[in-house]
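Here are my notes on this model, point by point. Please read them with the structure open.

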Amino acid sequence: EADLVRPLTKRGFPGGRLHNLERDANGNFYSSHVNGIHRISPDGSRINVVSGRSRNPLGLAVRADGLALSDSSEGNQSNGTCTIYESKHPENQNTVAKGRRILYLPRGIDNSPGSRIFMNSTKFGALGKSLFGVSYGSGRIYQIMRDPNNGSPQAALRMLPGEFSSGASRLEMNPRDEQLYVVGFDGWGDFGVTEGSFTRVRYTGKKDLTPVSWQSYSDGLCVKFNEPIDPTSITAKSLFIQQWNYRDSLHSYGSPEYSVKDGEKLGHDRLKIESITFSKDGTEMLIKAPDILPAMCTQIYAKLKSTSGAELTLDLYATINQLPKKSLKGEATVSTKPHDLKVPYKDNNKNTYVTITNFFDKRAGKDLVKRKVGPIVPYKKKDLNYNWIHSNIIIKQSCIACHTSNAKYDFSNYESLLKAIDLKHPHKSHILGMMASESMPPIGFPTVSPEMQKALKEWIEMGAPK
């Protein structure tokens, strides 16, 4: 990942979209790109690529000293789930993290991240110096707590109250009122209900209990709060911690959630909590969980109160890239368990939707994966034309049940069917990808047999004759 340095050409920037434009204290500009985070000199004469590649980055945050945070979406190019990752910086020069990823985002929390911001507000209470992020996918905002972790950074997030009416994309602090402003839009894969939104997020000043930092240890975790905790409000039995990993894969879209202890097993590992203690001032909660391991996701859930009576439902999602070789008491430890996160990888991780569906179906006593396969209709290559395809695949294989003239993807006539076909690159045709998925057609209909998928591909390769 050596710096890629290039002059700014007459044609401008390298191919592909650049997102966001932020600046550090030295006047350098930063923008995110599929090839990585771009740092542009103050006079615009040079570009440095200061990170690894990413998939469809949407947002960026830049700290005054030049630390930049971008994102990578779930999908191909080895992204089992969405991630937040960093540019090269003295604070992460010893990192063991793949691609300098500091946070793996659970799909149910953020399936498509927007921008982030390093706050610098005197009017935002305990969150005034926080790092915030927004989710385009869920239309939410969250607090990110970055742990420098001795040169191998890692982070945890906590969802904040409220929702935006469209997918949150950009956020900025207004220097005049020191409040936060968020812009959103509606497009792909989000839960937005309006085409766009412009929202102010302000600090109400109400009494609250807020986590402000966290750390991992070889035998547990420490979470620091803005106020002392009432020790009677929480016990080891009422605290819940679980861990899981994803799998990166070059040829699969996304990943189910896998056990950290047994990488071939779907599901989460619940950790046993031996004890909970507090620092002298009561602001640090020390959780002893000796079985803790480096993990892409660690969830910490509890309900607790401060000594002033403020209540909090703590729901943290942390990435542990590296466990320090010291205990909660600060003592050096020697153990045989791994201390560095090794991101699981499978060249082909199969169909994520089908894998997850199978898992829960079997837990419910069903086995819907053993679906019927549609009929195989004998044919000769010379028979393949639109009428044959329409009768024997679109109709007989049940596609038309969903893909009627009123559907988003209309297969009811030749012209509309061509929109799902790539004649220049037949193997990339949308309709082929749909039929190859075990989740299509929906449960209740038979899947399309490999033989009929082959017939469809041959017809496309012939130029899709009418």
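1. Start with the contacts. In this predicted model, 59% of the protein chain's contacts with a separation of 6 or more join residues 24 or more positions apart. The chain has 24 strands and 5 helices.

2. Next, overall dimensions. The radius of gyration is 25 Å. A compact globule of 466 residues would come near 23 Å, so the value agrees. Along the principal axes, the C-alpha atoms fill a box of roughly 80 × 60 × 45 Å.

3. Burial and surface. Of the 466 residues, 51% are buried. The chain exposes about 22,700 Å². Carbon and sulfur atoms supply 52% of that area.

4. Charges. The chain carries 62 positive and 47 negative charges. Their mean positions lie 3 Å apart.

5. Cysteines. How many disulfides does the structure hold? It holds 0. Cys297 shows why: its sulfur is 11 Å from the closest cysteine sulfur, in Cys82, and that is too far for a bond. Cys399 is in no disulfide either; the nearest cysteine sulfur, in Cys402, is 8.7 Å away. A disulfide would need the two sulfur atoms within 2.5 Å. Cys297 has 0% relative accessibility, so Cys297 counts as buried. Cys399 is at 7%, and therefore also counts as buried. The cut-off for buried is under 20%.

6. Ile37 sits in the loop between β3 (29–32) and β4 (38–40). Is Ile37 buried or exposed? Its relative accessibility is 0%, so Ile37 counts as buried. Ser51 is 14 residues from Ile37 along the chain, yet their C-alpha atoms are separated by 5.5 Å.

How values were computed:
Residues are numbered from 1 along each chain as its sequence is written. This is a predicted model: local features need pLDDT of at least 70, side-chain atom pairs count only at pLDDT 80 or more; totals for chains, interfaces and linings use all residues. Side-chain values use heavy atoms; hydrogens and water are left out. Helices (H or I, at least four residues) and strands (E, at least two) are DSSP runs, numbered from the N terminus. Buried means under 20% relative accessible area, exposed over 50%, partly exposed in between (1.4 Å probe, protein chains only). The radius of gyration is taken over C-alpha atoms; the globule rule is 2.2 Å times the number of residues to the power 0.38. Contact means heavy atoms within 4.5 Å. Accessible areas come from the Shrake-Rupley method with a 1.4 Å probe; for residues, only the protein chains shown count as cover. Lys and Arg count as positive and Asp and Glu as negative; His and the chain ends are not counted. The place of a charge is taken as NZ of Lys, CZ of Arg, CG of Asp or CD of Glu.
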